[in-house]
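Good morning, colleagues. Please bring up the sequence and the structure, and I shall take you through a few salt bridges and a strand pairing.

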Amino acid sequence: MQEDLFKRLVSHCKEYGFIYPSSEVYDGLNGVYDYGPMGVELKNNIKEYWWRAMVQMHENITGLDSAIFMHPLIWKASGHVDAFNDPLVDNKDSKKRFRADVLIETEIDKLIAKADKEVEKAAKRFGDAFDEKMYRETNPRVLEYTQKAEAVEKRLANAMKANDMADLKAIIDELEITEPDTGSRNWTEVRQFNLMFSTQMSNTGDDGKLYLRPETAQGIFVNFLNVQKTTRQKIPFGIAQIGKAFRNEIVARQFIFRMREFEQMEMQYFVRPGTEMEWYNKWKERRMAWHRAITPAEKLRFKDHDNLAHYANAAVDIQFEFPFGFKELEGIHSRTDFDLSSHSQLSGKKMQFFDPELNEHYTPYVVETSVGCDRMFLSVISNSLIEETVPDAQGEDSSRTVLKIAPALAPVKCAVLPLLKNKEELVGKAREVYDKLKFHFLCQYDEKDAVGRRYRRQDAIGTPYCVTIDFETLENDTVTIRERDSMQQERVAISEVARIVAEKTDLRKLLEQIDVAL
RNA sequence: GCGGUGGUAACUCAGUUGGUAGAGUGUCAGCCUUCCAAGCUGAAUGUCGCGAGUUCGAAUCUCGUCCGCCGCUCCA
């Protein structure tokens, strides 16, 4: 059922020009997609909704568009060089994949557990007279376990540091590590997976290796002082950015949910240390309000992180119920001063703020909100693509496919339709109306097929309004305006159409909703 | 990467024991039509994922390869 819905969604996106597989004539490229004529409109509208909600609506948030290429040390400072590397190994019998370092660490834990068990047994045997420290230092069996654990730990650390995959494999073989479920020791070679794409810049010395940014956030951090000084912002203030990021995912799956090239909409909010939880909670609510303005509340939820990333002291996801279950749409993280401090340390540049109220310098704490633009796109499509039954001309049941998208996000705002194609007066008049409306918003003119079919075509791409030019138009300059969801029509003066459609498709309506929800 | 499964028109799919490809929808042109898809006439569109092999002959059988989907794994 859900799977069918997802398949339908993917076909619909292709068929109506929202999303195409990338490089399709060359059989496609895994995990990469292109946005088609309707897709780019919708995506731009989502971005604009976000931008205005963040930048326009907050006088202390400014925008930024930093480059994708950045100094390689940035990724050292951010922790990506170390944390974005995974050594993976497959078990040939069970066909399961494991992180090699995790396997070895589990084995180390087992050794330590064995030593502890020996100590425990001895403690029982000797009773009150037991000297644990002495026993640990002298008992040959305990010593063997602990020394081995330490040796392996050291070797693991060295191998990880040196990216020595062969040695990781050697450790697995020497320790005779088995697959947890099947006990198989039939392992493949250990392979390194680096989640960052790299490329080459010819004249930077060394080997000129550069990474394609795996997140947009760092562009904001390294510009923190530039922005703060040139915009005369005081803490708290935020910097917002929309841009592409790249991750070499081991597997990119689920359509545009996990792509190797994707777009993020991120805002970093710089706050006084100690106030971060207060802002974290405020931003949780604000961001949820932003989502709720365009998505039914029951399809959204918060999900706290079980494991915090290396930089965070609090983290929550806003999840959306996709056809394949509740999944992350946006992350809200309290990143502490990890990034600014780290860049300060590595670059040698002080990245602090002088707080005139406290009369002191400090490194600001950061609360981050980060939405996946493509995931937003997918969520918008998946909660608005509807197949419904409506009466046809004879009053019989007929089905229609309609994209019940928020009018402000719709790719095309208004379609202009002459009632009949073979009446020159209607066609001419319709052209006139179209030529006026095109100054206000994206419109489509369509005269092909019966008007009912044209309505359905517009429904399929989510056009909120259809204006039809009929014989009465020729007499009194009025048209019918048909609303997508209700299919109700109203007769209005041509001179009013632009105002009506603009009013109802203006982002302002959404922004006002969010403001009320705060 | 491994396993499962699939790849035929823009979309959804059919294609018999091997005989040079079809349907529905869509698209285009024309007709009809005074407001909610599926009225009439006509047309275009496929290297049957790609390559090789078997065969007189391959969408169909065999091998290889590429790509998709699902699972394992990963997911700031």
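I begin with K43 and E263, which are both buried; buried means under 20% relative accessible area, exposed over 50%, and partly exposed in between, with a 1.4 Å probe and protein chains only. This is a predicted model, in which local features need pLDDT of at least 70 and side-chain atom pairs pLDDT 80 or more, while totals for chains, interfaces and linings use all residues. Residues are numbered from 1 along each chain as its sequence is written, chains are lettered from A and ligands numbered from 1 in the order in which they are written, and side-chain values use heavy atoms, without hydrogens and water.

K43 and E263 form a salt bridge, their closest N and O atoms being 2.6 Å apart; the term requires a side-chain nitrogen of Lys or Arg within 4 Å of a carboxyl oxygen of Asp or Glu. K43 belongs to helix α2 and E263 to strand β10, 220 residues apart. Helices (H or I, at least four residues) and strands (E, at least two) are DSSP runs, numbered from the N terminus.

Next, R400 bridges to E388, again a salt bridge, with closest N and O atoms 2.6 Å apart. Here strand β18 supplies R400 and strand β17 supplies E388. R400 counts as buried because its relative accessibility is 1%. Salt bridges with shared partners join E388, R400, K404, D459 and R482 into one network.

Finally, strand β22 has five of its six residues buried. Strand β21 pairs with β22 in the antiparallel sense over four bridges; pairing requires at least two DSSP bridges between the strands.
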